[in-house]
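Please open the structure in the viewer and keep the selection panel at hand.

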Amino acid sequence: ALPVLLLATLVFIAANLTVGITISSVARNQTQAMQMTFFFFLPSMLLTGFMFPFRGMPGWAQAIGEALPLTHFLRAVRAVMLKGADLPAIWPHLWPLLIFTSVVLAVGLKRFRRTLD
């Protein structure tokens, strides 16, 4: 179970790192980057099932939550920790994280530009 949990954690960390890369490539300064992170991490806390039950949320909130990587990571961690799930069992939660990582990294790399600031 530990290797599966470590793999899920590694994929989740990669997803969040790509968000950081994208935000830093879009932001003009550090203050703007910090403000942008609130628009990502606050919904991640409120709309992913971390603080409130996911199925109890309205449909629009669930749709936003499905697009956030923390939702899928929490499901994978719960499956591993509570049920002892193996890799095939958590794959339905890992592939959305991998797609998110790929898309956000592509956006971040496209927006990346070198500056001397």
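**Before starting**

This is a predicted model, in which local features need pLDDT of at least 70 and side-chain atom pairs count only at pLDDT 80 or more, while totals for chains, interfaces and linings use all residues. Residues are numbered from 1 along each chain as its sequence is written, and side-chain values use heavy atoms, with hydrogens and water left out.

**Stop 1: the whole chain**

Display the protein chain as a cartoon. Its secondary structure consists of 5 helices and 0 strands, and from the N terminus the elements follow the order α-α-α-α-α. Helices (H or I, at least four residues) and strands (E, at least two) are DSSP runs, numbered from the N terminus. Along the principal axes, the C-alpha atoms fill a box of roughly 50 × 30 × 20 Å.

Of the 117 residues, 38% count as buried. Buried means under 20% relative accessible area, exposed over 50%, and partly exposed in between, with a 1.4 Å probe and protein chains only. Contact means heavy atoms within 4.5 Å. Among contacts with a separation of 6 or more, 61% come from residues 24 or more positions apart.

**Stop 2: α1 against α2**

Select α1 (2–26) and α2 (30–46). Their axes come within 9 Å and cross at roughly 140°, which makes α1 oblique to α2. Axes are lines fitted to C-alpha atoms, for helices over the stretch in contact, and angles run from 0 to 180 degrees between N-to-C directions. Angles under 35 degrees count as roughly parallel, over 145 as roughly antiparallel, 65 to 115 as roughly perpendicular and the rest as oblique.

The crossing of α1 and α2 is right-handed; a crossing has this hand if the near helix is turned clockwise from the far one by less than a right angle, and is left-handed if anticlockwise. Show the side chains where the two helices meet: Asn-16, Val-19, Ile-23 and Val-26 in α1, and Ala-33, Met-36, Thr-37, Phe-40 and Phe-41 in α2. By class, this contact has 7 nonpolar, 2 polar and no charged residues. Ala, Val, Leu, Ile, Met, Phe, Trp, Tyr, Cys and Pro count as nonpolar, Asp, Glu, Lys and Arg as charged, and the others, Gly among them, as polar.

While α1 is in view, select Gly-20, which lies in this helix. Gly-20 is partly exposed, with a relative accessible area of 36%. From C-alpha to C-alpha, Gly-20 and Leu-42 are 15 Å apart in space and 22 residues apart in sequence.

**Stop 3: α1 against α4**

On the α1 side, select Val-4, Leu-5, Ala-8, Thr-9, Phe-12 and Ala-15; they meet Pro-69, Leu-70, Phe-73, Ala-76, Val-77, Val-80 and Met-81 in α4. The contact of α1 with α4 divides into 12 nonpolar, 1 polar and no charged residues.

**Stop 4: the nonpolar core**

Which residues have the most contacts inside the largest nonpolar core? Select Ala-8, Val-19, Phe-73, Ile-90, Leu-94, Leu-97 and Phe-100, which hold that place in a core of 24 residues. A nonpolar core is a set of buried Ala, Val, Leu, Ile, Met, Phe, Trp, Tyr and Cys residues joined through side-chain atoms within 4.5 Å.

**Stop 5: along α5**

Begin with Ile-90 in α5. Ile-90 is buried, with a relative accessible area of 0%. Beyond four places in sequence, Ile-90 is in contact with Val-4, Ala-8, Ala-76, Ala-79, Val-80 and Ala-85.

Select Leu-97 next: not counting residues up to four places away, Leu-97 touches Val-11, Phe-12, Ala-15, Pro-69, His-72 and Phe-73.

Finish α5 at Thr-101. Thr-101 is buried at 13% relative accessible area and, with residues up to four places away left out, touches Val-11, Ala-14, Ala-15 and Thr-18. The C-alpha atoms of Ile-90 and Thr-101 are 17 Å apart.

**Stop 6: a loop residue**

Is Met-57 buried or exposed? This residue, in the loop between α2 and α3 (59–66), is buried, with a relative accessible area of 10%. Apart from neighbours within four places, Met-57 is in contact with Leu-46, Leu-47, Thr-48, Gly-49, Phe-52 and Gln-62.
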